[in-house]
There are 4 protein chains.
Amino acid sequence: MLAELKGLNEECGIFGIWGHPDAAQLTYYGLHSLQHRGQEGTGMVVSDQKRLKGLKGEGLVAEIFTAKAMEEMTGCAAIGHVRYATAGGGGYENVQPLLFNSQTGSLALAHNGNLVNANQLKLQLEGQGSIFQTSSDTEVLAHLIRRGGFSSIKDRVKTALTMLKGAYAFLIMTEDELMVALDPNGMRPLSIAKLGDAYVVASETCAFDVVGAEFVRDVLPGELITINANGIHSEMYSIASNQAMCTMEYVYFSRPDSNIQGINVHTARKAMGKKLALEVPIEADVVTGVPDSSISAAIGYAEQSGIPYEMGLIKNRYVGRTFIQPSQTLREQGVKMKLSPVRGVVEGKRVIMVDDSIVRGTTSRRIVTMLKEAGAKEVHVVISSPPIQNPCFYGIDTSTREELIASKLSPEEIREMIGADSLTFLSVEGMLEAIGKDPREDQCGQCLACFTGKYPTEIYPTELTLETVK
Amino acid sequence: MLAELKGLNEECGIFGIWGHPDAAQLTYYGLHSLQHRGQEGTGMVVSDQKRLKGLKGEGLVAEIFTAKAMEEMTGCAAIGHVRYATAGGGGYENVQPLLFNSQTGSLALAHNGNLVNANQLKLQLEGQGSIFQTSSDTEVLAHLIRRGGFSSIKDRVKTALTMLKGAYAFLIMTEDELMVALDPNGMRPLSIAKLGDAYVVASETCAFDVVGAEFVRDVLPGELITINANGIHSEMYSIASNQAMCTMEYVYFSRPDSNIQGINVHTARKAMGKKLALEVPIEADVVTGVPDSSISAAIGYAEQSGIPYEMGLIKNRYVGRTFIQPSQTLREQGVKMKLSPVRGVVEGKRVIMVDDSIVRGTTSRRIVTMLKEAGAKEVHVVISSPPIQNPCFYGIDTSTREELIASKLSPEEIREMIGADSLTFLSVEGMLEAIGKDPREDQCGQCLACFTGKYPTEIYPTELTLETVK
Amino acid sequence: MLAELKGLNEECGIFGIWGHPDAAQLTYYGLHSLQHRGQEGTGMVVSDQKRLKGLKGEGLVAEIFTAKAMEEMTGCAAIGHVRYATAGGGGYENVQPLLFNSQTGSLALAHNGNLVNANQLKLQLEGQGSIFQTSSDTEVLAHLIRRGGFSSIKDRVKTALTMLKGAYAFLIMTEDELMVALDPNGMRPLSIAKLGDAYVVASETCAFDVVGAEFVRDVLPGELITINANGIHSEMYSIASNQAMCTMEYVYFSRPDSNIQGINVHTARKAMGKKLALEVPIEADVVTGVPDSSISAAIGYAEQSGIPYEMGLIKNRYVGRTFIQPSQTLREQGVKMKLSPVRGVVEGKRVIMVDDSIVRGTTSRRIVTMLKEAGAKEVHVVISSPPIQNPCFYGIDTSTREELIASKLSPEEIREMIGADSLTFLSVEGMLEAIGKDPREDQCGQCLACFTGKYPTEIYPTELTLETVK
Amino acid sequence: MLAELKGLNEECGIFGIWGHPDAAQLTYYGLHSLQHRGQEGTGMVVSDQKRLKGLKGEGLVAEIFTAKAMEEMTGCAAIGHVRYATAGGGGYENVQPLLFNSQTGSLALAHNGNLVNANQLKLQLEGQGSIFQTSSDTEVLAHLIRRGGFSSIKDRVKTALTMLKGAYAFLIMTEDELMVALDPNGMRPLSIAKLGDAYVVASETCAFDVVGAEFVRDVLPGELITINANGIHSEMYSIASNQAMCTMEYVYFSRPDSNIQGINVHTARKAMGKKLALEVPIEADVVTGVPDSSISAAIGYAEQSGIPYEMGLIKNRYVGRTFIQPSQTLREQGVKMKLSPVRGVVEGKRVIMVDDSIVRGTTSRRIVTMLKEAGAKEVHVVISSPPIQNPCFYGIDTSTREELIASKLSPEEIREMIGADSLTFLSVEGMLEAIGKDPREDQCGQCLACFTGKYPTEIYPTELTLETVK
């Protein structure tokens with residue numbers, strides 16, 4: 001499953017609000033609902049129209065934003081960020097939003113995605129004397145904006161955005177303006193809502209439900225939205241926009257109660273499960289899913305196949321960062337931590353185990369072993385996405401091809417490696433149909449690069465190398 | 001649902017191990033798997049045959065047992081405890097195991113349950129000069145043992161146990177002995193397993209799976225098991241044993257992967273859901289369950305009724321103790337925290353919402369409102385247990401009758417109060433059959449006091465009063 | 001110097017107040033001024049006439065009593081304690097005041113001193129069924145009081161006190177009474193003051209100055225003072241009182257701004273320095289003192305001898321508990337931490353170094369070496385007390401005779417061992433005269449046991465043994 | 001006294017080492033000995049020749065550099081910093097050393113002093129697109145170096161230094177070089193020493209004694225020292241150097257065991273006290289000093305005048321950051337915290353109280369009141385420096401003239417305001433003679449600006465304004 005990538009993944013979540021007296025509080029609740037997109041760090045910047053004030057740290061939303069610290073976060077506008085991983089170099093500095101002060105005004109930036117030409121731009125800017133404080137690609141945008149000279153801030157932002165390649169959803173805030181920008185391929189989800197007279201923007205619609213805001217529409221690929229005292233204003237800063245939404249958002253990342261492009265994520269996952277049951281029928285006694293991300297697909301599989309859905313695996317909710325990992329010896333003696341099989345459910349049964357994806361294969365192997373040790377007669381692994389054969393350069397850091405088992409082994413070889421009795425992947429077509437898209441790939445509006453190797457943007461070899469060494 | 005009782009409930013979990021070089025580590029993992037039974041505090045005591053060493057604190061297992069602190073917990077035997085609530089007076093002192101040192105040896109105690117004559121015994125002991133350090137009823141046993149004079153420790157324990165009334169599962173450890181005792185009604189689950197040559201005892205069998213131990217059998221009502229260098233030895237210290245296992249363990253408390261009296265909890269809950277669908281068929285579009293405890297019953301209901309199961313409610317995993325609660329104003333504006341409805345699933349649908357129980361009714365009302373605001377056309381509340389009309393004095397602190405809505409209102413009045421389109425409770429017979437018991441109440445081996453008012457032990461009026469004021 | 005004993009020493013400080021609306025706050029400031037008497041732990045108990053509420057922890061006054069925690073400490077009476085060391089078994093439990101609740105009322109105890117028959121009494125009480133929660137000798141008093149049966153609390157306290165042997169200053173608080181007791185030898189300082197209508201009691205008078213209270217008088221040996229709603233009342237519970245005040249209070253323990261038995265401590269120390277200069281004149285260029293405790297004596301020596309006083313040694317104020325100690329290698333390379341010589345002052349000079357005492361000799365040797373390395377031509381060590389040849393059983397835990405260098409070596413042998421050019425001790429007579437006492441030992445009113453071996457109370461061999469093993 | 005300025009003062013301490021395997025450890029001990037120069041924050045950067053690694057935080061040396069964190073600080077070179085105050089904007093970002101990474105190498109900077117044209121340079125650099133991450137003036141140097149284009153790092157540093165005005169002692173470290181620079185007026189102390197083959201540089205010589213290094217010489221005004229694999233190399237980057245050492249370093253800042261320009265600080269202070277006694281003889285009974293900075297001068301005064309030196313004021317060592325300040329009411333009731341008078345010493349006496357300086361006068365008034373309340377018959381305040389009538393722009397942030405009482409009131413008016421019986425300031429000549437300098441001001445080599453208003457560098461009006469508003 002994709003959770004194997006913890007530590008490599010740069011998927012993040014952003015939230016912004018303009019025009020509400022409780023801006024910081026609502027950002028807190030919004031970020032909290034996006035916590036699944038990033039647990040490594042979080043921050044927010046609030047504007048009281050006179051100045052920007054930041055608060056950030058390494059940890060969970062509820063840890064960093066203490067009641068005491070929040071008291072000082074007053075103002076009618078705010079942007080916030082939850083950060084997935086320590087990629088790009090860990091540490092406090094890289095926690096977003098980044099906040100840049102100067103004697104002529106301040107600028108705060110929150111970013112979800114990954115730029116593929118960040119290192120090139122950085123080299124160029126450093127050659128001109130710029131000093132970077134973070135190893136985050138996000139900082140590049142700030143320097144490009146500052147170099148823009150005497151034109152208006154909005155014009156400088158537009159010019160700067162045209163120099164970026166890759167996937168990005170940006171929130172940009174000054175003392176008196178909130179700007180929202182999405183890359184020309186619209187690779188990351190970003191939607192806008194209203195809460196009374198205030199505007200709210202978030203990576204996922206679940207954040208709107210949590211703060212009681214009403215969904216308006218998704219931000220468009222290549223769109224720049226500006227919100228200030230004069231109201232809201234939209235313009236397309238790129239004419240060559242061509243939607244290529246990350247498909248893994250449906251498969252794994254997003255919360256089941258979010259809608260992406262109008263499609264409910266739980267419903268999409270359930271449909272993937274149904275498609276799987278139709279594509280490859282399996283004889284078995286029970287269907288079970290790997291919690292939490294694969295439960296919806298498992299339910300769909302069960303419903304379609306008529307095989308009863310059971311809770312065959314339990315996730316322990318209390319595994320935190322301070323958890324003491326079992327030693328190798330203890331692990332061999334059978335000590336389990338995060339996931340436990342339910343012996344009473346799987347013993348003597350032929351089990352269909354639904355998971356969202358296979359990356360390295362090690363987790364799948366561990367779960368199969370676990371189920372067999374708990375008495376499962378057969379374990380059939382069913383994956384609700386196609387094999388991931390290509391690295392992602394847009395924020396889901398599947399880093400190098402070497403780590404992707406599906407780029408090296410055939411499905412049958414993977415099956416053998418993970419010890420399953422059978423292994424089934426969902427077809428690309430089945431996956432697209434499950435989310436209501438046209439299965440003709442070039443018209444589906446989805447990014448399928450990790451499955452097909454066809455990247456929606458240019459990829460720079462120098463970046464790859466630098467990416468690899470970090 | 002029973003989680004409403006947080007803060008009142010004394011349900012706890014205990015774990016013990018004898019004869020393993022990694023005793024403390026395994027106790028850590030065992031307690032971790034019992035964390036759902038108590039999140040307020042935890043502790044363990046380890047014996048290296050020469051002395052007992054304790055470690056405890058207020059917080060989660062992973063917070064209190066840091067790697068550094070665990071380094072000093074060496075020895076081949078250990079007992080541990082997770083504590084649910086601050087009942088009995090909060091604070092560090094009341095966190096168990098309680099450890100008593102004297103110049104002639106040490107004694108550690110861990111207790112799951114509630115004594116109904118603790119205050120009476122305490123008054124009597126204080127009158128004789130005893131000083132109590134905690135407000136926990138557990139300490140009474142220590143004083144009774146110490147007053148036992150010159151007989152052997154085992155004889156003193158047996159004499160002391162006969163003076164206790166109520167529900168208890170006790171682990172008692174000295175430098176060179178581990179004793180395991182269950183009350184004559186066997187009201188709390190307690191099982192024993194083997195891990196190589198070592199013995200393991202735990203409140204729930206899920207702890208055995210986590211540490212890789214093999215289930216042997218349940219501890220019997222009125223049994224005292226002694227484990228020491230001479231091996232394991234069992235005897236019945238009470239002849240009048242009469243099993244009355246807490247039925248709420250099946251309905252709510254235990255983890256789905258545990259087996260109680262040989263019955264898997266997930267399977268029992270699913271059967272309750274099926275029984276409900278048979279007892280009262282409802283026309284609806286989707287079935288959903290309140291996470292996490294009611295998911296199994298909801299799946300059972302869906303399977304039996306043929307109505308599809310959907311994820312209609314999402315639980316936010318990151319609501320911790322430091323979480324800032326929304327102000328009244330923000331709550332009225334629609335800020336939600338712990339539970340979110342999945343609009344894409346419930347909008348325009350007739351929803352069957354399965355929950356485990358109704359205590360005060362406030363939580364049910366909140367969830368019904370939430371679902372309706374998210375667009376549900378109808379909300380039918382289906383409860384996988386009978387109405388709770390009587391207080392529990394055995395550890396599930398439903399305290400006073402006044403708090404129990406079902407003791408004051410009829411089902412129809414409750415339905416109106418929570419705003420549901422219909423409200424269905426499972427019958428006592430249906431519940432017993434779902435867990436494979438004889439529905440004739442006096443032969444079912446279950447405690448049904450909270451449903452029927454028939455208590456398996458004497459209840460002391462003075463205790464009730466004292467209970468109420470604390 | 002006596003600071004070498006850190007970790008062994010049980011010297012503590014106590015503070016109590018009755019009848020002031022800011023009782024807890026004032027106790028905070030009072031304990032803060034007594035912080036030099038104990039840095040390991042601190043606690044206070046406050047009474048609002050209805051119940052006692054405690055707050056304690058391991059750490060400094062300013063760490064344990066946070067603003068937030070203090071908010072709940074409301075009431076008009078309080079007692080507090082600062083604890084020196086982890087002797088008697090470390091840990092939270094042993095931090096005082098000890099607080100004992102029962103169904104008929106509460107009792108809080110704070111103790112400065114050491115009982116010499118605690119283990120005997122403990123064995124006896126445990127034989128009768130008592131359970132001790134701490135390894136502190138203080139708890140013995142609580143059990144003795146509780147065993148007192150049906151008489152009044154004051155009568156039970158008086159009876160209990162007569163069973164204790166050793167050195168003690170006790171504060172005993174119930175919901176509606178504060179009792180103050182000093183042992184029949186008055187071995188520990190304890191004074192009483194008025195602050196408006198309120199009464200204040202403290203180990204040292206410096207605490208009165210800090211809270212603005214006016215000194216009334218010292219508590220008498222064998223006196224029991226009771227303060228309650230009826231006012232203050234004194235009685236002698238022991239007729240055989242015979243003052244034997246610890247002389248090391250003048251030499252080392254107390255703060256220079258405190259008065260003991262009407263004598264200012266700084267003035268007493270300065271007089272000791274003068275006596276030394278008179279007893280053994282030395283030819284030298286500068287006089288310096290080991291900070292902080294020996295500065296006063298050094299100034300006295302300089303004033304008497306006419307040799308200029310200089311700051312030859314600097315103490316680093318920022319050495320806290322988390323300080324990383326230099327490795328052996330680094331120490332050999334000359335890394336210094338707590339104390340630095342002032343090269344500019346001692347280079348090429350004949351230095352008289354004044355210290356308060358020699359216990360093991362290792363610290364003296366280190367300082368002499370340091371001064372010589374910094375260029376001192378000669379180092380003459382001058383000690384403002386006689387050789388410590390006998391262990392103390394009254395709270396200054398010089399534990400076993402083996403640790404006391406003066407019990408094994410002659411002054412000349414010690415001089416050689418510490419590498420000094422000369423070594424001078426103050427005579428017993430000189431010391432007594434410096435504090436204004438009659439040098440005839442049996443009439444001086446001072447305890448001189450560590451110098452002379454004549455103990456003012458019985459000493460129990462069994463206790464000594466037990467003392468040694470702990 | 002100057003400690004009144006806490007919160008305004010930017011005085012700091014720096015330490016660097018090149019060529020020692022325990023570089024980080026020794027920096028730890030060195031910074032620890034400089035802790036008196038700054039308690040707000042501390043940091044260090046270590047080089048292992050391949051990359052720079054930083055560690056910093058807000059707090060004391062012993063708090064920030066934990067044993068665990070230090071494990072990763074490996075390398076043979078390091079620079080460190082202790083920071084006095086939150087001036088220049090508080091927060092983690094401003095804690096030094098500042099560390100700048102780029103794709104072509106890293107740069108670390110530690111700075112003691114204050115630039116008087118920082119804001120001008122910043123405006124200019126921001127106009128060219130630079131982004132500043134801190135509000136510290138130190139960052140300006142980094143940007144100037146980076147803008148230097150293709151020349152060598154040393155040439156770029158030299159060019160950059162010539163653009164700076166004000167007081168500075170800089171440590172500049174790259175992966176393979178350590179540079180040490182002092183401003184052309186040499187306003188801040190900075191010395192160099194050897195430790196075996198390693199070089200050590202520090203703000204004060206006390207740091208050399210602590211790590212066992214041997215003093216070589218002071219860094220010269222306008223000197224740039226470069227230490228790398230080729231050894232040590234010195235050059236003068238400014239020809240117009242003209243020493244103007246901050247005189248307050250002798251009076252207040254430095255540790256008594258440090259030598260500045262070859263003069264021991266304790267000795268200098270004692271000489272100031274003697275001068276005072278000669279300039280204005282006073283009839284009195286005791287001399288006392290305000291701890292810690294005025295003790296040396298008080299001893300000098302006593303020695304010269306023949307009036308005995310006594311410990312009339314005690315400083316409480318345990319007042320930390322978490323300390324709860326007494327409320328106004330409690331303060332009026334006489335609660336004292338940091339400083340206590342010694343009643344036994346001052347009661348009924350004519351007291352000469354020696355302090356280092358008077359800034360706002362409020363502290364002096366408080367101490368005089370305190371002594372009188374403790375019974376002093378007369379209090380004669382004697383100040384071991386001349387009246388401070390002019391703001392300092394070089395790091396001792398006496399900010400605006402309005403705060404300086406001596407710029408508004410005559411000595412007699414100040415005397416009346418602080419309630420003293422007499423008030424004496426040391427003359428400028430007396431102060432210079434006490435430190436062995438030529439009293440002809442333009443040849444003394446000292447900065448006397450705060451006393452005389454003659455600033456050794458240009459001062460920019462725009463800076464003053466900006467300074468004032470921050």
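The legends below describe close-up views of a predicted model with chains A, B, C and D. Residues are numbered from 1 along each chain as its sequence is written, and chains are lettered from A, and ligands numbered from 1, in the order in which they are written. Because the model is predicted, local features need pLDDT of at least 70 and side-chain atom pairs count only at pLDDT 80 or more, while totals for chains, interfaces and linings use all residues.

**View 1. The contact between chain A and chain B.** Chain B contributes 52 residues and chain A contributes 52 residues, where two residues are in contact if their C-beta atoms, placed from the backbone, lie within 7 Å. On the side of chain B that touches chain A, at least two residues each come from helix H1 (23-33), helix H2 (61-64), helix H3 (67-70), helix H7 (206-211), helix H9 (265-279), helix H10 (295-305) and helix H12 (343-346) of chain B. Helices (H or I, at least four residues) and strands (E, at least two) are DSSP runs, numbered from the N terminus. H1(B) gives the most to this side, with 5 residues. The side of chain B that touches chain A holds 25 nonpolar, 18 polar and 9 charged residues. Ala, Val, Leu, Ile, Met, Phe, Trp, Tyr, Cys and Pro count as nonpolar, Asp, Glu, Lys and Arg as charged, and the others, Gly among them, as polar.

**View 2. The contact between chain C and chain D.** Here 52 residues come from chain D and 53 residues from chain C. H1(D) gives the most to the side of chain D that touches chain C, with 5 residues. That side of chain D has 25 nonpolar, 18 polar and 9 charged residues.

View 3. The same surface serves both copies, as 100% of the contact residues of chain D recur in chain C.

**View 4. Chain pairs without contact.** Chain A and chain C do not touch, and their nearest C-alpha atoms are 12 Å apart. Chain B and chain D are likewise not joined by any contact, with their closest C-alpha atoms 12 Å apart.

**View 5. The two domains of chain A.** Chain A is divided into domain 1 (2-243) and domain 2 (263-446), with bounds that come from an automatic or database domain assignment. The centres of these domains of chain A, taken over C-alpha atoms, are separated by 33 Å.

**View 6. Packing of H5(D) against H6(D).** Helix H5 (residues 138-146) and helix H6 (residues 153-162) of chain D pack at an angle of about 130°, with their axes 8 Å apart. Axes are lines fitted to C-alpha atoms, for helices over the stretch in contact, and angles run from 0 to 180 degrees between N-to-C directions. H5(D) and H6(D) are therefore oblique to each other; angles under 35 degrees count as roughly parallel, over 145 as roughly antiparallel, 65 to 115 as roughly perpendicular and the rest as oblique. D:Leu141, D:Leu144 and D:Ile145 of H5(D) meet D:Arg156, D:Val157 and D:Ala160 of H6(D).
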